[in-house]
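Thanks for asking me to look this one over.

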Amino acid sequence: MKNKYKVTFKPMNVSIHVPEGESLLRAAILANVHINASCGGNGTCGKCKVILESGKINNITVMNLSQEEIKDGYYLACKVIVKDDIIVNIPIESQLGDKKVLIKDSKGIHRQPTQILSPEIIEDICKPDPIGKKYFLELAEPTLEDNISDIQRIIRELKNRYDIQEKDILVNNKVLRQIPYVLREARFKITVTLLNYKDKVILSRIEPGDTTHMQYALCIDVGTTSVYALLIDVTNGKILTEASDYNAQLTCGEDVITRIVFAQRKDGLSKLQGLIGETISNLANVVVDKCGITLEDISYLVVAGNTTMIHLLLGIPPQYIRETPYVPVSNTFPPTMVEELGININSHAYIYIIPSVASYLGGDIISGLIACSFTTRKEVCLYIDIGTNGEMVLGCGDWMVACSCSAGPALEGGTIKFGIRATEGAIEEVRINPLTYEPMILTIGQKKPIGICGSGLIDTVAELFECGIIDQQGKFYTHLNTEYIRRGESGFEYVLAFAENTDIGKDIVLTETDIEDLIRAKSAAYAGIKILLQNVGLTFDDIKYIIISGNFGTYVDIQKSITIGLFPEVPKDKFVFIGNGSLLGTRVCAMSKDMMETAERIANSITNFELSENKDFMDEFIKGLFLPYTDANEFKGVMDRIAISQRFGR
Ligand code: FES
C-alpha cells in the first residue's frame, strides 16, 4: 500500500491526500483546484506553474521555466511528483481569475476502480475446484494375468485412486495414439490432464513423470476493440501475469456491425477468425515468456466476449445477429480444441466459452455477473457495462432482467470529431475555469494531446454545462466573450487545446455535433436502466449497488456522469467499480467448474428485454435528450448545483 501525502494549494487553502507518486496536476484536478494546463500534462505549454512553499518533491523537468523562476521555486505542476506533505502556491498567471471561484464542489470525484471483490483471493467468490486438473499416476505394469488395455489401466487407476468413473471419461484419438509410447517410456509413471465439462471428463493430455506442479490456464476477455489475457496458476488460482492488445480484427471494422458485414464477404469470416486467433496466440506468447514457461504448459483457456466476437472466434456465421429478430446461432458452446480454431498455443489445450444470453447480451456480461457475485446477492443491484452498446442487468440472486441498447460509439471516442480511444495523449480529464472559460486538461500518459477519449468527453460536456457555456440542449451560449468558444466549420465549438500545444498540429475542439452525439449516447443508456426498473416496478431507491464494469467505467467521473444524466442521481456510495468484470469472471470460472455451470444457469435464467422496437424505450430516450434530463426533479441536486455555480462563475 502506497503512502498518502497531504497536498495543500494556496492561496485557496484547499488540501487533498494523494498516494505517493501522484502528479501535482492530477492532485489539483482531484481537489478541483484550477491550474491552467493546455498540453495535457506534457510539460510543453508551460502554463501550470506553481511555487513550492514546503515539502519534498520529485521534479523531473525544468523545461519552460526561466532561470529566475527556477531560483524563485517555480515548478510545472504536471512534472512534480508528490513524495511528501507539500504546500504549493498557485501564482496568479496560472489561475487567470478571481481565486475565490476556482474551487468547485469536490464531492463525488471517483476515478479509481474500487473492487467489490478482491481479485487476489479467489476463495472470496468460490470454493476452488478448477475446470481442469492434472493427476499423477503410478500404474502397475501389464502382465499375462493383468493384460487389460492401456487406457483401461489408466482409467482403473483414476477410479481407484481418485474415484473418477470410467463412463465419464472421454479420450480423443490423438491422446490414444500417444498413450502406448508415453506409458512405456515413462515406465508407467505418468500425468494425465482431465478437463471437466458438465457430467463428462475429457482426458486431454498424457505426459511422462509427475508434472502436477505445472498447471496453467489462460483467461481471455475478447472485446471488439481490445483483448485482455490473464495467465493463472491452476494449483492456487493466483494471477501470474497479464497482457492486452488491440483486437487485430479492427482492420476489418471498428464495431460489431461492420465486422458482421465483413464476415458476409467471401472468406470474410475465416479472415476474422484468423485475426482473433492471431491476437490470442500473440498474447499467449507474451504471458508465457513473462513467466518463463512454455505454450505447452497451458492446459485450457476460458474466454468471455460479446456474442458476435464469440461467433467470429468459433468461425460461426454471425449475420442473423444483426437482422431482426436478432437471433444468434447458439448461446452455449461445448469446449473445443484450440488448434481447431487456428489458435497457435499447443495441440492439447481446450477452450471454454462463457455462455451468452442473446445476440446483444454476451458472455462478457455473464462473466462480469459471476465476478461480482451477483447471483448470491440478496439485495437488488444494477450491473452496467457501457461501451458502444450499453448492457445492463437488474436483479439479485433470485431474479434478473436485462437489456442492451445501442449507445453508439460516442462514449468510446467514435463519431466525435477529435474522439480517440483511451490511449496515450487522449484528453481524459477536463476542468474549465468558470470565469475565463480556459480549460485545464490532463492526458493519458501526460503526453501532448492528440484527441479526447470517453471520460474526457463526459468531463468536458459536464463542465461546459456547469460553467454556463452550453444550455440544456447542448447548444453554446454564443454571446460569451472568450477565444475558447468560436464558430467552426460545422457550427459552434469549444477549443480544448490550441495547435501549438497539441501533437497533431491543429486545434482540438469539441463541436455542437459531438455534444449531440454524447447526449444521444447517454440518453440511450439511461433509458435502458429506466425501462428495466419500470418493468419490475422498482425505482432507483430500491437499488443497493450500481456495479460498473468495463474500461470506460473504470475511469469515468461519477459526478460528471450524473451531471450529464448518464447515471442516476443517487448517493455516490451506491456506485461500485469492478474494472474489467468480464476478465475477472473468466478467472473465477477457470478455477471453479461449479461457477462455469453457474454461468450457464444465469445465461438461461435472465429475462432479456429487446429494446430496438420498444415504444416505452423510445419515449424514455426522447426524454433523455436534455442535460441532464427533461424532468429536472430527477436531477434536483445537479440543477441546484449548476444554478449556484453559474451564479458564482459569472
Ligand atoms: S506544462 Fe504542465 S500542463 Fe502544460
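1. The chain as a whole averages a pLDDT of 89, and 92% of the residues score at least 70.

2. A word on the ground rules. This is a predicted model, in which local features need pLDDT of at least 70 and side-chain atom pairs count only at pLDDT 80 or more, while totals for chains, interfaces and linings use all residues. Residues are numbered from 1 along each chain as its sequence is written, and side-chain values use heavy atoms, with hydrogens and water left out. Helices (H or I, at least four residues) and strands (E, at least two) are DSSP runs, numbered from the N terminus. Two strands pair if DSSP finds at least two bridges between them.

3. S299 deserves a click. You will find S299 in strand β15 (residues 298–305). S299 has a relative accessible area of 5%, so it counts as buried (under 20% is buried, over 50% exposed, in between partly exposed, with a 1.4 Å probe and protein chains only). Leaving aside neighbours within four places in sequence, S299 is in contact with K134, T193, L195, Y216, H348, A349 and Y350.

4. Next, look at β20 (residues 400–406). How many of the 7 residues of β20 are buried? The count is 6, so the strand is largely enclosed by the rest of the structure. β20 forms a hairpin with β19, with 4 residues between them. β19 (residues 389–395) and β20 pair in the antiparallel sense over 7 bridges, and V401 in β20 is the bridge partner of L394. β20 is also joined by 3 bridges to β29 (residues 607–609), running parallel, where V401 stands opposite T607.

5. I441 is another buried position. It is found in strand β22 (residues 439–443) and has a relative accessible area of 0%. Beyond residues up to four places away in sequence, I441 touches L25, A37, S38, C39, G40, G41, I427, E429, V430, P449, L496 and A497. By contrast, I441 and E613 are 172 residues apart in sequence and 40 Å apart in space, C-alpha to C-alpha.

6. There is also an open sheet of 3 strands, in the order β24-β25-β26 with antiparallel pairing. Its edge strands, β24 (485–488) and β26 (508–511), each pair on one side only. Neighbouring strands are turned by 45° against each other on average, direction ignored. β25 (residues 491–497) and β26 are joined by 4 bridges, and A497 has I508 in β26 as its bridge partner. Helix α10 (residues 454–466) packs on this sheet, touching β25 and β26, at about 65° to β26. Helix α11 (residues 512–536) lies across β25 and β26, at about 60° to β26.

7. Finally, follow α11 to its helix partner. The axes of α11 and α16 (residues 615–623) come within 8 Å and cross at roughly 130°. The two are therefore oblique to each other (under 35 degrees is roughly parallel, over 145 roughly antiparallel, 65 to 115 roughly perpendicular, and the rest oblique). The contact is made by R520, S523, A524, A527, G528, K530, I531 and Q534 of α11 with D616, F617, E620 and F621 of α16.

Definitions and conventions
Axes are lines fitted to C-alpha atoms, for helices over the stretch in contact, and angles run from 0 to 180 degrees between N-to-C directions. Contact means heavy atoms within 4.5 Å. pLDDT is the predictor's confidence in each residue, from 0 to 100.
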